[in-house]
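Take a moment to turn the model around on your screen, then work through the tasks one by one.

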Amino acid sequence: MSSSTAAPGSSSLTDAGPLSLCAREPHVPADRLVAEMVPPPRFDSVRFATYIPDPNQPSQSDAVRVLEDFAGGLGGAHASGAGRRGFFGFGRAKAPKAPAGPRGVYLDGGYGVGKTHLLASLWHATPAEPALKAFGTFVELTNLVGALGFQQTVQTLSGHRLLCIDEFELDDPGDTVLVSTLLGKLVDAGVALAATSNTLPGKLGEGRFAAADFLREIQGLSAHFRALRIDGEDYRHRGLPEAPKPFTDEEVTKAAYATPGASLDDFPHLLEHLAKVHPSRYGALTDGVKAVCLTDVRPVPDQSTALRLVVLADRLYDREVPVLASGRPFDGLFSEEMLNGGYRKKYFRAISRLTALARDAKGLVGS
């Protein structure tokens, strides 16, 4: 695949043009969605030992200790005894006594305090085969239900030792009921839960829809978790310079042609294309892409478009794909109304992550 965008005076650049995300329409089978429920590449090597707590934020050290203990308690048989048999496959091993209290932990905190690092560390530390542990974002979990169906998703995940859910946010009443019911069934089946979010579980849904109408579901969901508050500032901004200013169209285009595996797209056209691709495929949309180059970045026109961009930003950040752009700085993507509305936490997260990826991309120009 190549972009239809041509670079003026590109004879000294690579012969093959850059890729185009707009030219891709990936189709992802359901079994890939399940197999890919592992920590993203950015978090392959993270462990509790590599998490550096801020000495001024004792809640960070406390969270590490709680999670290490939690992982150690998941080393026995599946809590429900499901799938466990005696010697030679005959009989069934005695199910261990279910642990008292919540069957999950919930990491609450601001942007960039290391919640995903800790969640991935928990996944790695849990003594079970990878096939018995699942890790995904809230959006990926709802997409899995959409791909497999509710009953098949329950059946697929019920034999797991642990389910980790990153960026746990409820965006509409349907998701509230869906996820509450799903997690309730998984807890009944003996699956341990761990989640991260910027909102305490008892406060989910506030500012997004008529939470009072769904209070029962929200309260029932929060009862599954022990909430751990993690305080701190966004590590992506600690001691780092401000986000780099956007480059010119010519600089971005030249860098795209000179960088093997880079994509080059006009930002408004990319936003239009995202509307044609299901968000569950945004990861596949970036398969093999080494850098994303965007021209004419401008504020997103509406909330639906903005939420799709948030998902793409998450997938790019997970895969550590640098983003080089011209036009408006990334902190100008979302309107004041959006940043003050019910999805503000998603938008601030996207700005934080795209800013980090923009810093990573600076070396692609004129080096």
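**Exercise 1. Against which elements do the buried residues of α4 pack?**

Before you start, note that this is a predicted model: local features need pLDDT of at least 70 and side-chain atom pairs count only at pLDDT 80 or more, while totals for chains, interfaces and linings use all residues. Residues are numbered from 1 along each chain as its sequence is written, and side-chain values use heavy atoms, with hydrogens and water left out.

Step 1. Find helix α4, residues 138-148. Helices (H or I, at least four residues) and strands (E, at least two) are DSSP runs, numbered from the N terminus.

Step 2. Pick out the buried residues of α4: Phe138, Leu141, Thr142, Asn143, Leu144 and Val145. Buried means under 20% relative accessible area, exposed over 50%, and partly exposed in between (1.4 Å probe, protein chains only).

Step 3. Look at their neighbours. The packing partners are α1 (30-35), β2 (133-137), α5 (150-157), β3 (162-166) and α6 (173-188). Contact here means heavy atoms within 4.5 Å.

Step 4. Move on past the end of the helix. Gly149 follows α4, and its phi is positive, near 90°.

**Exercise 2. Describe the protein chain as a whole.**

Step 1. Count the elements: the protein chain has 13 helices and 8 strands.

Step 2. Check burial. Of its 367 residues, 51% count as buried.

Step 3. Consider the contacts with a separation of 6 or more: residues 24 or more positions apart account for 84% of them.

**Exercise 3. Work out the strand order in the two sheets.**

Step 1. Take the sheet of 5 strands. This open sheet has the order β2-β3-β4-β1-β5, with parallel pairing. Its edge strands are β2 and β5 (226-230), each pairing on one side only. From one strand to the next, the twist averages 15°. Two strands pair if DSSP finds at least two bridges between them.

Step 2. Zoom in on one pair. β3 and β4 (residues 192-197) are parallel and share 4 bridges; Leu162 has Ala192 as its bridge partner in β4.

Step 3. Now take the open sheet of 3 strands, where the order is β6-β7-β8 and the pairing is parallel. β6 (262-266) and β8 (323-327) are the edge strands, and each pairs on one side only. Here, too, the twist averages 15° from one strand to the next.

Step 4. Follow β6 to β7 (residues 291-297): 5 bridges join these parallel strands. One to locate is Ala262, with Ala291 as its bridge partner in β7.

**Exercise 4. Why is α13 described as largely enclosed?**

Step 1. Helix α13 (residues 344-361) reaches 26 Å from its first C-alpha to its last, close to the 26 Å expected. The expected span is 1.5 Å times one less than the number of residues.

Step 2. Of its 18 residues, 14 are buried, so the rest of the structure largely encloses α13.

Step 3. Beyond residues up to four places away in sequence, Ala350 touches Val310, Ala313 and Phe334.

**Exercise 5. How many disulfides does the structure hold?**

Step 1. A disulfide is a pair of cysteine sulfur atoms within 2.5 Å.

Step 2. The structure holds 0 disulfides.

Methods
Axes fitted to C-alpha atoms, helices over the stretch in contact; angles between N-to-C directions.
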